[in-house]
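Dear colleague,

Please find below the structure that I am handing over to you. My notes on what was found in it follow directly after.

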Amino acid sequence: MQNDIAEILVTEEEIQTRVAELGRRISIDYRDKVAGDPPQSLLLVGLLRGAIVFLSDLMRAIDIPVQLDFIGISSYGSGTESGAVRLVMDLETDIAARHVVIVEDIVDTGKTLSYLVGNLEARNPASLRICALLDKPDRRMVPIEVKYVGFEIPDKFVVGYGLDFAEGYRNLPFVGVLKEHLYKVVLM
Ligand code: PRP
């Protein structure tokens, strides 16, 4: 698996350091918001499937009460280009009047998050923000406000730490650039 990687873009250590910083910031930003009467927990909404590795580390870097839920949105086929966005699995939690942070692995065109924000805003949360490990601003087609960003990265095809190519490579502990011939073959 490691032989398929052309270059490591973000190391395991860099990820852990940044995740700890993001967890601290989120804890500070939401401490008072969730301490009301009655107290509530911060709801972290993870996007399946790419966000689960980031989410599992991030939640342990947050030191205020959190609750988890998951939503499934499919935006890609097996290739590398964005296709149609559709909801494939909904939340179990009623998010009305809740403070919600969407946790995402990567913002690319912005289509997935734009769709999701519209969908969740309609459910009247108390607040809604996005936390994404990776941001590829060069690829943006739809404007989207990402409050918490781990790393801005160039327009390269990345895998690892939850990100896949054709469902593989998610378990790499770092973010790496996939060798071009591996995904070009599949796309042709
Ligand atoms: C990927 C990624 C984001 C989305 C970003 O999801 O996890 O959710 O694409 O792309 P966009 O900004 O262009 O919309 P994918 O559909 O590959 O599913 P996955 O999370 O299961 O890997």
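In these notes, a contact means heavy atoms within 4.5 Å. Please bear in mind that this is a predicted model.

**The pair α1 and α2**

Helix α1 spans residues 12-31 and helix α2 spans residues 52-60. Their axes come within 8 Å and cross at roughly 55°. The two helices are therefore oblique to each other, and the crossing of α1 past α2 is right-handed.

**Cis peptide bonds**

Asp 37 and Pro 38 are joined by a cis peptide bond, for which omega is about 0°. Pro 38 is located in the loop between α1 and β2, the latter covering 42-48. The bond from Leu 48 to Arg 49 is also cis, with omega near -5°. Arg 49 belongs to the loop between β2 and α2.

**Positive phi angles**

Asn 124 is not a glycine, yet its phi is positive, at about 60°. This residue sits in the loop that runs between α3 (111-121) and β6 (127-135). Asn 124 has a relative accessible area of 55% and is therefore exposed, the cut-off for that class being over 50%.

Tyr 169, likewise not a glycine, has a positive phi of about 75°. Its place is the loop between β8 (158-159) and β9 (175-178). Is Tyr 169 buried or exposed? With a relative accessible area of 13%, Tyr 169 is buried, since that class takes in values under 20%.

**The buried side of α3**

Within α3, the residues Thr 112, Leu 113, Leu 116 and Leu 120 are buried. Around the helix axis they cover an arc of only 85°, so they lie on the same side of α3. An α-helix has 3.6 residues a turn, so residues three or four places apart point the same way.

**Two buried isoleucines in loops**

Ile 95 is placed in the loop between β4 (82-89) and β5 (99-107). Its relative accessibility is 1%, and Ile 95 therefore counts as buried. Which residues does Ile 95 touch, not counting residues up to four places away in sequence? They are Leu 43, Val 100, Leu 120, Arg 123, Asn 124 and Pro 125. Among them, Leu 120 is one of the buried residues of α3, and Asn 124 is the residue described above with a positive phi. Between Ile 95 and Arg 60, which are 35 residues apart in sequence, the C-alpha to C-alpha distance is 22 Å.

Ile 153 occupies the loop between β7 (148-152) and β8. At 6% relative accessibility, Ile 153 is likewise counted as buried. Leaving aside residues up to four places away in sequence, Ile 153 touches Leu 9, Ile 106, Leu 134, Asp 135, Lys 136, Pro 137 and Val 158. Ile 153 and Glu 104 are separated by 49 residues in sequence and by 15 Å in space, taken from C-alpha to C-alpha.

With kind regards

Methods:
Residues numbered from 1 in each chain as written. Predicted model: local features only at pLDDT ≥ 70, side-chain atom pairs only at ≥ 80, totals over all residues. Heavy atoms only, no water. Axes fitted to C-alpha atoms, helices over the stretch in contact; angles between N-to-C directions. Helix = DSSP H or I, 4+ residues; strand = E, 2+ residues; numbered from the N terminus. Parallel < 35°, antiparallel > 145°, perpendicular 65-115°, else oblique. Left-handed = near helix turned anticlockwise from the far one by under 90°. Buried < 20%, exposed > 50% of the residue type's maximum accessible area, 1.4 Å probe, protein only. Arc of directions from axis to C-beta.
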